[in-house]
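Please read this briefing alongside the sequence and the structure, which are shown next.

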Amino acid sequence: MSFLTPRLSPALARINRRAWVAVGIIATVAVVLALCGVGFGSTWIEPRRVVEILMGEGARGERVVVLQLRAPRVAIAALAGGAMAVAGYLLQKVTRNELASPGVLGVIGGAGLGVVIFLALLSDESNSLVTSIVWQPMAAMIGASLAIAAVFLLSGQQASSAVRLLLFGIAVGAVCKAATLILMIVGPIYRTTQASRWLAGAVNEINWGEVQVVAIGLAIAMVGVVAVARRLPPTDLDEVSARGLGLNLPVFRILVFALASALTALAVAFAGGVGFIGLMAPHLARLIVGRPVLAGIAASFLLGAIMLIGADLIVRVLFAPTEVPAGTVTAVIGTPYFLYLVLRRGSTNG
Amino acid sequence: MDKAISVKALTIAYGAATAISAVDLDIAKGKVTVLAGPNGCGKSTLLRAIRRLHQPKSGEIRLGDMPISGLKEKELARHIGLLAQSPSAPDDMSVEELVRLGRYPHQTMLQPWSAADADAIQAAMFGTGVSHLSERRLGSLSGGQLQRVWIAMVLAQETDIICLDEPVNHLDMAHQIDCLDLVTRLNREHGRTVVLVLHDLNLAARYADRLVFMKDGSMVADGAPVELMREELIEDVFGISCRVIEDPVHQRPLCIPIRNSSPRFGAAPQS
């Protein structure tokens, strides 16, 4: 695969190899955690048994529990967490700012609002959708795109100024969340079991149809991600230098924002507004694998998956049988992490 | 004269403010052209416009016979390299990683990486004397070393034309000379056309084949350093009264500033 491992000097080849070894280790952790995620519940099914059932063995009852109830939940957690993490990776790269993420830039808020408006407009008396569920991510995507477009336009000429971008992002996100809350209180959504999802993000009550929608959308988005990845390296430099190398940064930035919005929307459409994964996962990924872009994207995806599967496991272990949104866990861990990054930034940048 | 770049009636505005107006300039192939002038005269804007980082309000820039407005981004980046005024890269990036970025415009979807890229990187690091630093992190380098690495990145781009925007600004005197000697060598030995923006008039006079004076967004004068380094012209452009003598070592004109004669800064106290 000369595409993935271009001709490198020994030093860079070593860096690249180390990065992919790290990705392999993270992938192993992700798989084990996913099996535990499927295994855990009112009855514990050990990981090896989970694999057997997934391979087609097991009694009917067991199969229903694993395949219909638990596996879709873990699958959506993995896909949504991964998608948000990759969105965060792209945003952090292209803004040269480790604080950038779908949450901080208002994209999660916009996507959530999009879905809530969609549900409010297109639900019937009994709270079931009058249209196909496939349109739900579309609504999320429209909301997400409008949110990031608003942030971008409000930041104006100084869109490259990290601080302005973040401030407007936080503001737009807050407005969207408030609107979401109002819609939920006055609209029909509060009665649905999905209510908690749009407040904090959760992955309960997921079916394979929804997993399928996300998986297909994600597969399409990933083609875009790989195409964009090749152009990411110059974004490590200041704007003038990056443009001097032939990267049309103003256009590229919009492309990346659109892609990050799509990824976020896919996640938010079914897992809701899970915060901070898009902030923490890419940051950790870069700490672990360093600069290689494709390895960084892979590691971000896997760490994002690990975080949301893990957060969902934690709420199930601690609060079962009450359904607490997984997003509360990511928020509890993510907020101090965010503050730590802000404070560290403050101390190094004077 | 063979023209590398020709600028015709170029006007550039930031919003309502005109940064440069009606500039006509031919940049000679294989020569070192230095743009000089006081702060805010538009010299950096002109340099960035040549690299198409500013959209002209009117006028045209041609690369050889082609208008640059018709070139693709990467195509343009294979013709003109640019060292930004205050370039920045992450501290934890290695020297080799930065120099590699210079190959970005040469990589395409079908040909992501070639032997030519590896050779260009080696040559660029060797040519700027940073080969031994290749695994070092940028954050661990001195200012002079770092500037050499940035020049290596631009060099790896293998462009005929290299634009440098105040490359010696943050360097001490030894590294200023070191850096400009390096740039001159690239010009003399590799025939690269060099366009420099320099603050320091004496460095400009020493290194330029051709000197361009700018003031308030317009081109005031253009010629060999001996022609331009005249006391009345310098007073007019830079607002300093001065004496110009011949540098006894390099036989270039040398300006000795006497006092600020510009009313902008208030009258200089008479003693």
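This is a predicted model: local features need pLDDT of at least 70, side-chain atom pairs count only at pLDDT 80 or more; totals for chains, interfaces and linings use all residues.

Residues are numbered from 1 along each chain as its sequence is written, while chains are lettered from A and ligands numbered from 1 in the order in which they are written.

**Helix H1 of chain B**
- Helix H1 of chain B spans residues 43–50, and eight of its eight residues are buried, a residue being buried if 20 or more other C-beta atoms, placed from the backbone, lie within 10 Å of its own.
- Among these buried residues are B:Lys43, B:Arg48 and B:Ile50.

**Contact between the chains**
- Chain A contributes 20 residues to the contact and chain B contributes 25 residues, where two residues are in contact if their C-beta atoms, placed from the backbone, lie within 7 Å.
- On the side of chain A that touches chain B, helix H1 (10–39) and helix H9 (239–244) of chain A each supply at least two residues, and the largest share, four residues, comes from H9(A).

**Chain A**
- Chain A has 13 helices and zero strands, and 50% of its 350 residues count as buried.

**Confidence**
- The model scores ipTM 0.90 and pTM 0.89.
- Chain B averages a pLDDT of 90, with 95% of the residues scoring at least 70; pLDDT is the predictor's confidence in each residue, from 0 to 100.

Conventions. A residue is buried if 20 or more other C-beta atoms lie within 10 Å of its own, exposed if 12 or fewer, and partly exposed in between; C-beta atoms are placed from the backbone.
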